[in-house]
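Dear colleague,

Please find below the structure that I am handing over to you. I would be grateful if you kept it open while reading the notes that come after it.

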Amino acid sequence: MAGTAQVKLTTSQPHSPTLLEAIVGLSKPVILAFYIFLYGLPISIVQQLATLSPSKLLSPWAWRDAIWGNGSPAILKEGDKMMYDAKKEFVSLAYGTVLEVGAGSGETIKYYDEDKIEKLFALEPFLPLVKVLKKTITARGPSFQRKTTVIPLGIQEKSLLRSEYGIAKESVDSLILVQCLCSMPQPKKHLKYCVELLKPGGTLVLIEHVTSPHPTTRLLQDLITPLWSFAANGCELNRDTLASMESLNCWEDVVVKRPTVQTTADLIPHIFVKATKKR
Ligand SMILES: C[S@@+](CC[C@H](N)C(=O)[O-])C[C@H]1O[C@@H](n2cnc3c(N)ncnc32)[C@H](O)[C@@H]1O
């Protein structure tokens, strides 16, 4: 993306940090939380006051939902800008019938190669983000819009997904999981189910923030996850998503990359994975 410094990827493990890198890596959750409040709080105050509902005004969950709903699209957009090249390399692999789980405000939408896609199912259960997602899809133009179905459901709604949308076992060619396994409850169970939906020979693209390989950083992730999880709508910092994926034991041609800037002090380290489901 023109004008924005791009994250480069490597197949190497994260390196040991310099002092400055350690400060940056360890401060990431605080910086992100600050920006979510900055972008989300003013409009949330207006919306909350407009409800005139004491139960909403006094509910920490109502405030959290409002602040996250209003603040997270801007944060996801900023994070996305720096990862443009890296995400494009992975997401543009999607072909045929595509299932994107936890599409959020639609930051992944721009990376799809429209010519390779027959159908895109974009699942997003959080209604404030569904509105933004629909706008993002509309902005890609009418032919992309015709191929796309926004589904305002979570992946756990198996029977509705099957009966209403035909999303059944071995029905999708490409499964796209971008920063969603970090925030859904029971991620292992849902990942297993998502993978069952993928046809043999189909492509998995997984871009997630995961547990740190360094024990001290991992301990810090464990300690701050309860607070972070409340503020960030269920997102957890200490999920070993790569291990969960590998434990399904159904992959070939697995490629795992990480940002070259990533260090062992990074509290929100990312992995970029592409893999083929064994035939
Ligand atoms: C951090 S956001 C990422 C959004 C988007 N993938 C991106 O990278 O910009 C995580 C998303 O996963 C969604 N999510 C959480 N639980 C889910 C579930 N059970 N099924 C589907 N999506 C879910 C959330 O609503 C949220 O939009």
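The notes below go from the whole chain to the sheet, then to the salt bridges and the surface.

Please bear in mind throughout that this is a predicted model.

The chain as a whole

The chain contains ten helices and eight strands. Its radius of gyration is 19 Å, close to the 19 Å that the globule rule gives for 279 residues, so the chain is as compact as a globular protein of that length. The C-alpha trace spans about 50 × 50 × 40 Å along its principal axes. Of the 279 residues, 49% are buried. The accessible surface of the chain is about 13500 Å², and carbon and sulfur atoms account for 61% of that surface.

How much of the contact pattern comes from residues 24 or more positions apart? Among the contacts in the chain with a separation of 6 or more, such residues account for 74%.

The sheet

The eight strands form an open sheet with mixed pairing, in the order E1-E7-E8-E6-E5-E2-E3-E4. Which strands stand at the edges of this sheet? They are strand E1 (9–10) and strand E4 (148–151); each has a single partner strand, so one side of each is left without a neighbour in the sheet.

Six of its six residues are buried, so strand E2 is largely enclosed by the rest of the structure. Strand E2 is joined to strand E3 (residues 117–123) by six bridges, and the two run parallel. In this pairing, glycine 96 stands opposite isoleucine 117 in E3. Strand E2 also runs parallel to E5, with four bridges between them. Here valine 101 stands opposite leucine 177 in E5.

Strand E5 (residues 172–178) is in turn joined to strand E6 (residues 198–209) by six bridges, and this pair is parallel as well. Within it, isoleucine 176 stands opposite valine 205 in E6.

The salt bridges

The count of salt bridges comes to 14.

Is aspartate 266 buried or exposed? Aspartate 266 has a relative accessible area of 5%, which is under the 20% limit, and therefore counts as buried. Lysine 28 has a relative accessible area of 30% and is partly exposed.

A second salt bridge is formed by the side chains of glutamate 196 and lysine 169, at 3.8 Å from N to O. Glutamate 196 lies in helix H8 (residues 187–197) and lysine 169 in the loop between helix H7 (158–165) and E5, so this pair ties together parts that are 27 residues apart in sequence. Glutamate 196 is partly exposed, with a relative accessible area of 26%, while lysine 169 is exposed, at 59%.

Glutamate 196 also forms a salt bridge with lysine 192, and the closest N and O atoms of that pair are 3.4 Å apart. Lysine 192 and glutamate 196 both belong to helix H8, where they are four residues apart, or about one turn of the helix. Lysine 192 is partly exposed, with 46% relative accessibility.

The surface

Which residues form a nonpolar patch on the surface? They are Ile31, Phe34, Tyr35, Leu38 and Tyr39, which together have about 490 Å² of accessible area. One of them, isoleucine 31, is found in helix H1 (residues 19–51). Isoleucine 31 is partly exposed, with a relative accessible area of 42%.

With kind regards

Technical notes:
Residues are numbered from 1 along each chain as its sequence is written. This is a predicted model: local features need pLDDT of at least 70, side-chain atom pairs count only at pLDDT 80 or more; totals for chains, interfaces and linings use all residues. Side-chain values use heavy atoms; hydrogens and water are left out. Patches are made of residues with over 30% relative accessible area and no salt bridge: like charges are joined within 9 Å, nonpolar side chains (Val, Leu, Ile, Met, Phe, Trp, Tyr) within 5 Å. Accessible areas come from the Shrake-Rupley method with a 1.4 Å probe; for residues, only the protein chains shown count as cover. A salt bridge is a side-chain nitrogen of Lys or Arg within 4 Å of a carboxyl oxygen of Asp or Glu. Buried means under 20% relative accessible area, exposed over 50%, partly exposed in between (1.4 Å probe, protein chains only). The radius of gyration is taken over C-alpha atoms; the globule rule is 2.2 Å times the number of residues to the power 0.38. Contact means heavy atoms within 4.5 Å. Two strands pair if DSSP finds at least two bridges between them.
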